[in-house]
Amino acid sequence: MQFYLDGYVPGDPDVRRAQLPEALDVLVIGSGPAGALLAAQLSTFRNISVGLVERRSGPLELGQADGVACRTVEMFEAFGLSEKLVREAYWVNETVFWRPDPSDRTKIVRTGRVPDVEDGLSEFPHLIVNQARLQQHLLDYMRRSPSRLECAYGLEFESLEVESSGDFPVIVTLRDVASGAVKTVRAKYVVGCDGARSKVRDAIGAVPVGDFANHAWGVVDMLAETNFPDIRLKAAIQSADHGNILLIPREGGYLVRLYVDMGEINPDNRDAFRNFTQQDVIAVAQRVLRPYTLDVRSVAWFAVYQVGQRVTDRFDDVPENERGQREPRVFLAGDACHTHSAKAGQGMNVSMQDTFNLGWKLAAVLEERAKPELLQTYTLERHAVGKGLIDFDKEWSKIMASPPKDAEHPDGVEPEHLEAYFVKSGRYTAGVATQYPAESTCLTGAAAHQSLGTGFTVGMRFHSAPVIRVADAKPVHLGHAARADGAFRIYAFADAEGKKLRALLDFLWTSPNSPVLRFTPKDTDIDSVIDVRAIYQQGHRDIKVEELQPILLPRKGPFNLIDYEKAFAPDLKSGADIFDMRGVDREKGAMIVVRPDQYIADVLPLDGHDEVSSYFDRFMINQR
């Protein structure tokens, strides 16, 4: 057996390293949550060449982020991965609040207990699962994808240059970490998902804006013996004199994570926080938890960090004075463009939302289904989200680091305020508060017909609800019809008489102005670009499959087989009528246009044929 021809590489010699070709459509730097999700999404497209490189010698194994917001689980459903996450994760069902006992301030006492997620906010719970495990699901998805994508480990980004022309204008220099050998790769697009110390960010001259909070926190994943009664509940704990703790139970029933307040940092000596040991952090935790005991039996992971809240001035390589004059070629995502504290559980989640936003846009442009100008919308949409994240994190971190208000700490935080702020921020921390305003990009409509579907807010994520699939009477969630395949969805909710719905479906199937016909290449399935679904008002047994219109029974694939999964009815048996749940106008019906990243593009009337065509005309390329 021969190996190490190209230099020593650690690990199993039977595992072949992924080989990067000399030219790629997309090169992703960094296999963290943002990079892994982007690569997984792009791996679905067989004709798009993708490279994923990582400077580490192998996949992440321990530590780092662990909070998986409801919105993130919704995204993972599009990859068919939500069941795996839900099965093995810890479910954050309730959050408890502890404060100093008024009768003995050396001890803590429980003061509140609330649901962690607002009822009806999502069909999925808030989960806790190791970041390494989450990334592994995405890496496995890549390997099983049509392109059989593998991550190339042990390659570190060194530099890049963007040429003004050419098929592959971005020249990237990579260094083999083990051998020091240098490799050059050309790409059409590069995405820097290489963390808070991003070299890609430096290479394009983007600048992080913000500051540090001058506060240190220790984080420990541990197996411990304790008599603290809420060890298996998420807990925000304030002590009188020893700082605060955010306690997060971990998956598996035994592991627990503690974020421990280690106090102020001297801004003139920022590196001093690195001197804290895990014994120091555990000792503080033991003092905060009095009168309860904490006997740590094993530490799985430990880190100390200072809180920094910064957002990069732009998320691509186009300076503000050149915006609109040329198309972006290099993008930033995740910690490369926004950094903040870990206690709100947003870092990993917002990072993956970045690349879920970017991935379908890259695919649409590379497959020449959309105009290159579409890529300008990434910075416009996600930079505003990044700024909002930093503003939220500043407030939340300040509250979590503050002592309880009393005579000695008049500027402290009332425990009631901590609990109230947590409840108030629930939609944000669940990941469902993001809204892309109409004035920001061409992708969000004017919401002139929002009243037709009040529960489907234009610019926000599509809020799924239970339905019955007509053909097989199976109870399903309507939103789960969406896959991470780059397709738009049109959900057509029937009007009272059904005439407008039939007219819309006929228009989409036969009219020369139909966006389905104009923007779908002739050699692909009719639903590959715009996927049309219909939701009727009557029960599923009252709908005859043989009378459904052709666009709801499309023939697909090499054998011209019928897809029977396009028509739905309310789940009347359980009483969950989607028309009532989402405020759909029963008399007029509604047409809900949903982007590939599950955000609502617009709510339109069923007879808004010209309006739906005009929407896609803004950025799509006519294929006929």
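Please find helix α9. Its buried residues pack against two helices, α8 (376–401) and α10 (426–429). They also pack against three strands: β5 (94–101), β6 (104–115) and β13 (234–238). Keep in mind that this is a predicted model.

So which residues of α9 are buried? The helix spans residues 415–424. Within that stretch, the buried ones are P415, L418, E419, Y421 and F422. Why do they sit on the same side of α9? Because they cover an arc of only 165° around the axis.

Now the whole chain. How many helices and strands does the chain have? There are 14 helices and 27 strands. The radius of gyration is 26 Å. The globule rule gives 25 Å for 624 residues, which is close, so the chain is as compact as a globular protein of that length. Along the principal axes, the C-alpha atoms fill a box of roughly 75 × 65 × 55 Å.

Next, the inside. Buried residues make up 57% of the 624 in the chain. Then look at contacts with a separation of 6 or more: 72% of these join residues 24 or more positions apart.

The chain exposes about 26,200 Å². Carbon and sulfur atoms supply 48% of that area.

Last, charge. The chain carries 72 positive and 88 negative charges. How far apart are their mean positions? The answer is 2 Å.

How values were computed:
Residues numbered from 1 in each chain as written. Predicted model: local features only at pLDDT ≥ 70, side-chain atom pairs only at ≥ 80, totals over all residues. Heavy atoms only, no water. Buried < 20%, exposed > 50% of the residue type's maximum accessible area, 1.4 Å probe, protein only. Helix = DSSP H or I, 4+ residues; strand = E, 2+ residues; numbered from the N terminus. Arc of directions from axis to C-beta. Contact = heavy atoms within 4.5 Å. Rg over C-alpha atoms; globule rule 2.2 N^0.38 Å. Areas by Shrake-Rupley, 256 points an atom, 1.4 Å probe, with all protein chains shown as cover. Lys, Arg positive; Asp, Glu negative; His and termini not counted. Charge placed at Lys NZ, Arg CZ, Asp CG, Glu CD.
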